[in-house]
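Here is a friendly briefing to keep beside you while you look through the model. Please have the sequence and the 3D view open as you read.

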Amino acid sequence: MTCEVILSYASPHRCLVPRHGRFVSVWMSPDMPDILGYSILHRTSYMVYPDFASHPASYIPHYTGMRFYFTLYTKPYRMYTLGINAAFHDSSACIIENGKLIAAAEEERFTQIKHGKRPIPFSAYELPFHSIDYCLKMAGIHLNDVDHVAYSFDPYLLLGDHKGKAEIPIPLEPDMLSEPSKWTSPWDPLFLSSIVNASGQLVDGYPHHLQKRFKGVSKDRIKWHFVEHHIAHAASAYYPSPFDHAAILTLDGRGELATTTYNLGKGDEMSRIGQVDMPHSLGLLYERVTSYLGFLHSSDEYKVMALASYGKPVFASDFREMIQVGSNGQYTITNERLEERFGASRSKNDPFTAHHFNIARSLQVVLEETVLKLASWLHKQTGEENLCLAGGVALNCVLNARIRDYGPFKNIWVQPASGDAGTALGAAIWVDLQENESVARSYEMSHAFWGPEYKDDEIETFLKWAKVPYKKMKNIAEETAEILADNKIIGWFQGRMEFGPRALGSRSILASPIHPSMQARLNEVKDREDFRPVAPVVLEEDAPHWFEHATSSPFMLFVYDVKKDKALKIPAVRHVDGTARIQTVNKDQHPRYYELLQAFKKKTGVPVLVNTSFNTLGKPIVCSPRDAVECFWSSPFDALVIGSYLIEKPHAN
Ligand SMILES: [Fe+2]
């Protein structure tokens with residue numbers, strides 16, 4: 001359009017441009033003379049490009065007060081922020097465009113290495129290149145087009161006297177050091193150096209096969225932001241929540257220093273009101289008990305939670321002695337001495353006994369008591385009725401239910417990717433809000449489907465190429481419900497993959513909950529421990545009729561009691577303590593999944609299915625059609641419903 005522009009006398013770099021019937025103030029950005037860029041003030045989201053680009057910026061003041069005409073081109077201004085989590089484990093990436101999430105995924109799904117990597121100093125340099133590549137692809141951009149990179153750990157908080165120095169001594173043989181180290185671990189320098197130099201790794205370390213979206217980027221081009229780890233957790237909990245204001249509690253193993261933080265969110269603002277620092281950490285205590293019970297720490301904590309249901313809290317006094325809650329939200333953890341208290345630790349292949357169940361139960365009970373006290377302190381400090389939770393401890397759905405039922409808050413929202421994967425999202429949202437003045441907080445996370453999707457033509461091309469026999473289904477919901485009602489177990493591969501550790505109907509194994517043997521069958525099919533429960537998915541509108549006081553719960557982050565009159569109808573999903581970790585689904589969140597549940601209800605009268613993750617023991621959830629087909633053919637499932645296609649094993653016909 002042709003516009004009249006009047007350059008201001010008061011400010012030669014500012015002029016008035018008519019826009020939508022009004023004049024708006026336009027700032028000629030002095031740091032972008034090459035494109036004579038203008039960005040409109042007052043939080044609108046447009047860049048304005050005049051067509052007199054041959055005039056250098058410095059000429060503009062000469063026109064001050066003059067009236068002239070030019071053609072005004074506008075195009076949406078897009079600011080891209082790439083979020084990265086990589087310091088410890090569950091490495092992940094996400095991309096945000098002007099406050100809106102475009103894509104998010106965990107590296108483990110692409111590499112099929114559980115948790116992406118182990119949380120050790122020697123792996124801190126590894127970046128989630130596959131997840132980053134996927135995010136760039138979804139945004140349709142090259143790494144060069146990214147405006148900001150938000151990394152969810154700030155190494156400068158730990159560098160101490162080494163901050164600003166060119167070198168940091170890394171020991172070659174820590175055992176041979178003559179003086180005791182000031183570091184928590186002798187490998188801290190290696191860990192921190194790897195993170196400080198992560199931007200260099202991003203532009204130089206990408207794998208060859210991903211060069212298309214990485215090649216040719218200069219390190220100076222990257223606007224890199226280190227975001228404190230618990231700010232990232234807190235931002236992931238608050239900003240995508242449905243609340244305009246809330247108290248925010250984060251609990252994990254550790255960040256830089258903090259292990260627990262208390263925060264207040266109001267509108268676009270978020271502030272810290274307290275924190276508990278290392279070495280006192282509820283998350284690390286849970287990890288150490290996980291190891292003590294013969295599981296893999298930083299990985300299998302959810303198994304300890306499941307084990308707890310079988311035990312009695314006979315060791316609660318031991319844990320109460322270890323965890324001392326003080327004033328101002330503080331707590332200490334001392335005198336663990338697990339072997340001294342409870343005897344020799346369990347080795348991986350030892351049988352489970354009541355002793356192990358009781359330890360797990362005691363820990364769980366005291367964890368719940370403790371977090372309730374912390375939540376009460378936070379409530380008193382903030383006076384808020386809304387609570388947002390994140391951090392690995394917030395994946396404990398029994399604890400979450402306890403806070404819901406006995407805590408002081410009226411409403412509670414938990415980030416579905418509460419583990420470290422979600423810090424990529426939190427860091428990106430945080431930086432986006434700080435850097436993009438034109439965008440206010442606008443994203444609400446109503447579902448977790450932010451990963452890769454494969455369309456029917458891609459799936460069929462793969463199936464043909466792999467010579468996998470298949471048939472195209474005419475009515476996916478009806479035909480799949482028929483198979484499930486026949487008590488068969490299916491792989492269900494539909495739509496965009498989930499972000500976060502739970503399978504929520506895009507990469508799931510589904511079965512009927514009606515027969516009591518289904519839990520054991522599924523554990524056998526998935527090659528996992530007998531004590532592990534399987535969880536139900538239920539139509540959102542039917543949830544209150546089947547589970548006590550159930551409301552919308554789309555992320556499997558809370559347990560509910562199965563209603564007594566329904567318990568015998570869905571025995572496979574009722575845990576030994578009478579609860580179930582439910583997922584509710586509505587039509588907007590996942591239409592095809594919803595239709596399947598409706599069809600199953602029509603056939604059986606039960607609006608519930610068993611939903612467990614599409615993987616086998618020790619493997620990440622499948623991502624691609626190839627992963628799905630490989631998992632399906634190497635495990636005793638009966639059928640695979642992938643997009644519009646059905647694959648059945650001969651014996652299952
Ligand atoms: Fe964390």
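Among contacts in the chain between residues at least 6 apart in sequence, 71% join residues at least 24 apart; two residues are in contact if their C-beta atoms, placed from the backbone, lie within 7 Å. This is a predicted model, in which local features need pLDDT of at least 70 and side-chain atom pairs count only at pLDDT 80 or more, while totals for chains, interfaces and linings use all residues. Residues are numbered from 1 along each chain as its sequence is written.

**Overview**

- The chain has 18 helices and 28 strands; helices (H or I, at least four residues) and strands (E, at least two) are DSSP runs, numbered from the N terminus.
- Of the 653 residues in the chain, buried ones make up 47%. A residue is buried if 20 or more other C-beta atoms lie within 10 Å of its own, exposed if 12 or fewer, and partly exposed in between, with C-beta atoms placed from the backbone.

- You will find an open sheet of 5 strands in the order β14-β13-β12-β17-β18, with mixed pairing. Its edge strands, β14 (269–277) and β18 (411–414), each pair on one side only.
- Neighbouring strands of this sheet are turned by 20 degrees against each other on average, direction ignored. For such angles, axes are lines fitted to C-alpha atoms, for helices over the stretch in contact, and values run from 0 to 180 degrees between N-to-C directions.
- Strand β13 (residues 258–266) pairs with β14 in the antiparallel sense over 8 bridges; two strands pair if DSSP finds at least two bridges between them. Gly-265 has Met-270 in β14 as its bridge partner.
- Helix α10 (residues 354–382) lies across β12 (245–251), β13, β14 and β17 (386–390), and runs at about 150 degrees to β12.

- In the loop between β14 and α6 (282–292) sits Pro-279. A cis peptide bond joins Met-278 to Pro-279, with omega about 10 degrees.
- Helix α6 is largely enclosed by the rest of the structure, because 8 of its 11 residues are buried. Among them are Leu-282, Leu-285, Tyr-286, Val-289 and Tyr-292.
- The buried residues of α6 pack against β12, β13, α7 (301–308), β16, α9 (338–342) and α10.
- Just after α6 comes Gly-294, with a positive phi of about 90 degrees.

**Strand β27 and its partners**

- Strand β27 (residues 639–642) is covered on both faces: Ala-639 and Val-641 are buried on one side, and Leu-640 and Ile-642 on the other.
- Strand β20 (residues 490–493) pairs with β27 in the parallel sense over 4 bridges, and Phe-493 stands opposite Ile-642.
- Strand β28 (residues 645–648) pairs with β27 in the antiparallel sense over 4 bridges. Here the bridge partner of Ile-642 is Tyr-645.
- The hairpin of β27 and β28 has 2 residues between the strands, and Gly-643 in the turn has a positive phi of about 60 degrees.

- His-115 counts as buried because 21 C-beta neighbours lie inside 10 Å.
- Asn-328, also not a glycine, has a positive phi of about 55 degrees. The loop between β15 (323–325) and β16 (331–333) holds Asn-328, which counts as exposed with 10 C-beta neighbours inside 10 Å.
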